[in-house]
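I opened my notebook today to walk through one structure, a piece at a time. Here is what I looked up, in the order I went.

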Amino acid sequence: MRALSGRGAALNDRRAFVLAVLAAIAGCSGGGSGTSAVPPVNGSPGPPPQSTPPPRVVRAHIKHVVIVVQENRSFDNLFFGFKGAQYADSGYMHDGTKVPLRETSLDGHDIGHAWSDALGDYDNGKMDGFDLNRTGDGSRAGTYPYRYVDRHEIEPYWSMAQQYALADHMFPTMLGGSFTAHLDLIATTANLQPGLSEVDWPLLMPWGCDAPGGTKTSLLDTQRVEHLSQGPFPCFTQFATLADLLDAAHVSWGYYAPKVGGGDTGGRVWTEFDAISKIRHGPDWSRNMISPPSRVLGDATSGNLPSVAWVIPDWRDSDHPGSGTDGPSWVTSVVNAIGESPDWNSTAIVVLWDDWGGWYDNVVPPQLDFRGLGIRVPCIVISAYARKGYVSHTEYEFGSVLQFVEEVFSLPPLSSLGLGSGYTDQRAYAMTDVFDFKQPPRSFHPIAAPRPRAFFLGEKPSDRAPDDE
């Protein structure tokens with residue numbers, strides 16, 4: 001029933017075996033006593049995924065891939081009520097109390113979303129530990145995570161999903177927060193050696209190669225035990241990134257993010273390539289790191305987008321609770337700039353959220369190894385060839401996004417470089433069932449949003465990180 005990549009199909013039986021083995025490993029997770037009850041779930045599983053196009057067809061149509069990253073939202077939190085998607089009307093707390101999902105604002109309170117929070121929320125697949133999290137002021141979250149965002153505040157996201165394709169089974173590579181999620185979005189792994197992964201975030205800021213001397217990271221072992229501050233300085237050489245493949249193939253790329261340097265803590269924390277020694281101390285740093293992130297708007301308009309681009313928001317333009325409500329308008333500005341550009345017919349835009357942010361979600365994430373998968377996040381795919389109003393139920397993970405880039409540009413898997421371990425691009429299911437390349441390219445119609453593009457072009461950097469977990 002799933003759409004499999006050529007690499008992923010042969011691993012289907014192995015994945016089933018891994019799931020069975022990890023059911024035992026998950027027994028060490030936190031959370032409460034839980035309940036076996038299942039919350040009411042809406043949205044039918046739908047038809048089987050459409051047949052996926054062969055790589056040569058994908059390559060003939062897509063020449064640019066833009067990965068737009070937002071912050072801290074579960075699928076239920078943003079797409080509660082979306083027709084055809086799987087969402088829940090209610091959830092359960094750790095003591096078995098049933099909690100109906102209630103409406104909230106995009107600009108709310110932060111909720112803990114560290115490794116331990118995710119493991120507790122998951123609670124051996126019961127998905128009932130969300131109430132045990134803590135909010136930003138340290139108080140117990142209680143019923144607060146069991147909420148969905150007022151649709152009027154996120155209408156641009158719904159418009160994108162209705163006009164293009166929405167994936168309702170996208171999972172981060174790893175349980176936990178943003179730092180490792182962003183590593184996975186450039187490398188598909190955070191393993192420092194086989195069976196030992198980076199987890200959570202460095203305890204001193206800024207992060208990465210520009211961190212203060214003596215900064216330590218934390219480690220996760222195969223028994224899902226976290227070893228706080230027992231890891232190396234966060235300037236990694238232990239694994240390769242997609243940039244290595246792109247550079248070797250002479251494929252242009254850019255990472256649009258807040259500036260690194262000076263008082264701009266935002267950039268020094270949230271430009272993830274700052275944590276990769278080869279990039280931070282090599283020619284790619286000045287060539288491919290592009291700040292402020294609003295430069296993507298001008299590059300798109302002029303037809304100067306690199307072949308592959310990551311787009312990371314400023315704090316004010318993120319969906320992180322407490323940052324305001326401009327996130328949907330920011331993403332809309334990026335999508336509209338590309339949609340109205342000369343590159344529209346050859347571009348695929350992937351909009352996703354880096355982690356669940358502590359918000360409730362009803363779908364049990366498959367546990368494919370000791371790291372995860374993490375709790376479900378939304379994903380929208382926008383392209384002239386995206387199926388209109390299509391909801392994909394294919395089991396995607398962050399490795400699917402990078403595997404798609406590899407397919408578009410005829411790149412080998414990251415493991416072929418012979419450095420590091422735990423890469424997930426080879427096992428990931430194909431991210432191509434959302435496309436229909438038999439149809440003529442669809443004309444772009446601008447998405448409406450409260451803030452115009454000019455607002456973001458004139459915006460001053462906040463110097464604040466989109467997230468600090």
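Before starting on helices, I wrote down that helices (H or I, at least four residues) and strands (E, at least two) are DSSP runs, numbered from the N terminus. I also noted that the expected span of a helix is 1.5 Å times one less than its number of residues.

A note on the source: this is a predicted model, where local features need pLDDT of at least 70, side-chain atom pairs count only at pLDDT 80 or more, and totals for chains, interfaces and linings use all residues. Residues are numbered from 1 along each chain as its sequence is written, and side-chain values use heavy atoms, with hydrogens and water left out.

**Entry 1: a helix inside**

I looked up α13, residues 327–339, and found 13 residues reaching 18 Å from the first C-alpha to the last, close to the 18 Å expected at 1.5 Å a residue. Is α13 enclosed or open? I found 13 of its 13 residues buried, so α13 is largely enclosed by the rest of the structure. Buried here means under 20% relative accessible area, with exposed over 50% and partly exposed in between (1.4 Å probe, protein chains only).

Next I checked α6 (residues 155–163), whose axis comes within 8 Å of that of α13 and crosses it at roughly 40°. Axes are lines fitted to C-alpha atoms, for helices over the stretch in contact, and angles run from 0 to 180 degrees between N-to-C directions. On the α6 side, I listed Pro156, Tyr157 and Met160 as making the contact, and on the α13 side Gly327, Pro328, Val331, Thr332 and Val335. Contact means heavy atoms within 4.5 Å.

**Entry 2: strands**

I then turned to an open sheet of 4 strands, ordered β9-β10-β11-β12 with antiparallel pairing. Two strands pair if DSSP finds at least two bridges between them. Strands β9 (191–193) and β12 (226–227) stand at the edges with a single partner each, so one side of each has no neighbour in the sheet. Strand β11 (residues 218–221) is joined to β12 by 2 bridges, and I found Leu219 opposite His227.

Elsewhere, β13 (residues 253–256) pairs in the parallel sense with β15 (residues 308–311) over 4 bridges and with β14 (residues 289–290) over 2 bridges. I saw Tyr255 opposite Trp310 in β15 and opposite Met289 in β14. Trp253 and Tyr255 point one way from β13, Gly254 and Tyr256 the other, and all are buried.

**Entry 3: cysteines**

How many disulfides does a search of the whole structure find? I got 1, counting a pair of cysteine sulfur atoms within 2.5 Å. The disulfide joins Cys209 to Cys235, S to S 1.9 Å. Cys209 lies in the loop between β10 (196–199) and β11, and Cys235 in the loop between β12 and α8 (242–248), so the pair ties together parts 26 residues apart in sequence. Both cysteines, Cys209 and Cys235, are buried.

**Entry 4: one alanine**

Last, I found Ala85 in the loop between α4 (75–79) and β3 (87–88). Ala85 counts as buried because its relative accessibility is 0%. Ala85 and Asn42 are 43 residues apart in sequence, yet 7.5 Å apart in space, C-alpha to C-alpha. Leaving aside neighbours within four places in sequence, Ala85 is in contact with Asn42, Gly43, Phe75, Leu166, Asp168 and Val391.
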